[in-house]
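Please find below my notes on the model, as numbered points.

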Amino acid sequence: MPSTPESKYRTITRFQRLLNSVTRHLPTQTVLETTGRVSGLPRRTPLGGRRIGDTFWLVSEFGELSHYVRNIKANPEVRVRIMGRWHTGTAHLLPDDDPQARLRTLPRFNSAAVKAVGARLLTVRVDLRD
């Protein structure tokens, strides 16, 4: 396995891009849609997390290296597809939140994957409007 966070990120994201091209089309897969910070086009990323009331929580395994996190920094207005239904919301990056503790509140399978590959964990909260 690569030794630096950046090389680990490149290796893992190559695999994820292949997998994500299929999983983003599955109707039950949770998907985060951001606006590309350079292109302005919608960017969809399959991910795991949990809705609690009007809030959706997730942990980014590569923090600010993740393209969707960079897109959120440029424009926090996002959409999240949960169980086949799209919700609009505003994303907030929470560097002061404990991502390890947050992972314990999220779905087990996804949390295990994030812990296994994660190098710079970052909690993200999406305040849903609908």
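1. On one side of helix α2, Lys73 and Ala74 are exposed. Exposed stands for over 50% relative accessible area, buried for under 20%, and partly exposed for what lies in between (1.4 Å probe, protein chains only). Helices (H or I, at least four residues) and strands (E, at least two) are DSSP runs, numbered from the N terminus. The model is a predicted one: local features need pLDDT of at least 70, side-chain atom pairs count only at pLDDT 80 or more, and totals for chains, interfaces and linings use all residues. Residues are numbered from 1 along each chain as its sequence is written, and side-chain values use heavy atoms, with hydrogens and water left out.

2. Which residues of α2 are buried? In this helix, which spans residues 67-74, they are Tyr68, Val69, Asn71 and Ile72. Seen down the axis of α2, the buried residues fall within an arc of 160 degrees, so they line one face of the helix. The arc is that of the directions from the helix axis to the C-beta atoms. As background, an α-helix has 3.6 residues a turn, so residues three or four places apart point the same way.

3. The cover over the buried residues of α2 includes β1 (31-35), β2 (42-46), β4 (55-60), β5 (77-82), β6 and β7 (122-128). Contact here means heavy atoms within 4.5 Å.

4. The sheet is open and holds seven strands in the order β2-β1-β5-β6-β7-β4-β3, with antiparallel pairing. β2 and β3 (50-52) stand at the edges, each with a single partner strand, so one side of each is left without a neighbour in the sheet. On average, neighbouring strands of this sheet are turned by 35 degrees against each other, direction ignored. α2 packs on the sheet and touches β1, β2, β4, β5, β6 and β7; its direction makes about 50 degrees with that of β1. Axes are lines fitted to C-alpha atoms, for helices over the stretch in contact, and angles run from 0 to 180 degrees between N-to-C directions. Two strands are taken as paired if DSSP finds at least two bridges between them.

5. β1 is mostly covered, with four of its five residues buried. It is joined to β2 by five bridges, and the two run antiparallel. Leucine 32 stands opposite threonine 45 in β2, and threonine 34 stands opposite arginine 43 in β2. β1 and β2 form a hairpin with six residues between them, and glycine 40 in the turn has a positive phi of about 75 degrees. β1 is also joined to β5, by three bridges and again antiparallel; the bridge partner of glutamate 33 in β5 is arginine 79.

6. Arginine 102 lies in helix α3 (residues 99-103). At 18% relative accessibility, arginine 102 counts as buried. Apart from neighbours within four places in sequence, arginine 102 is in contact with Trp57, Val59, Asp97 and Thr123. Alanine 101 also lies in helix α3, but at 27% relative accessibility it counts as partly exposed. Alanine 101 and threonine 123 are 22 residues apart in sequence and 10.0 Å apart in space, C-alpha to C-alpha.

7. For the whole protein, the secondary structure comes to four helices and seven strands, in the pattern α-β-β-β-β-α-β-β-α-α-β along the sequence. Of its 130 residues, 42% count as buried. Among contacts between residues at least 6 apart in sequence, 67% join residues at least 24 apart.

8. Confidence should be read element by element. The mean pLDDT (the predictor's confidence in each residue, from 0 to 100) is 84, and 72% of residues reach 70 or more.
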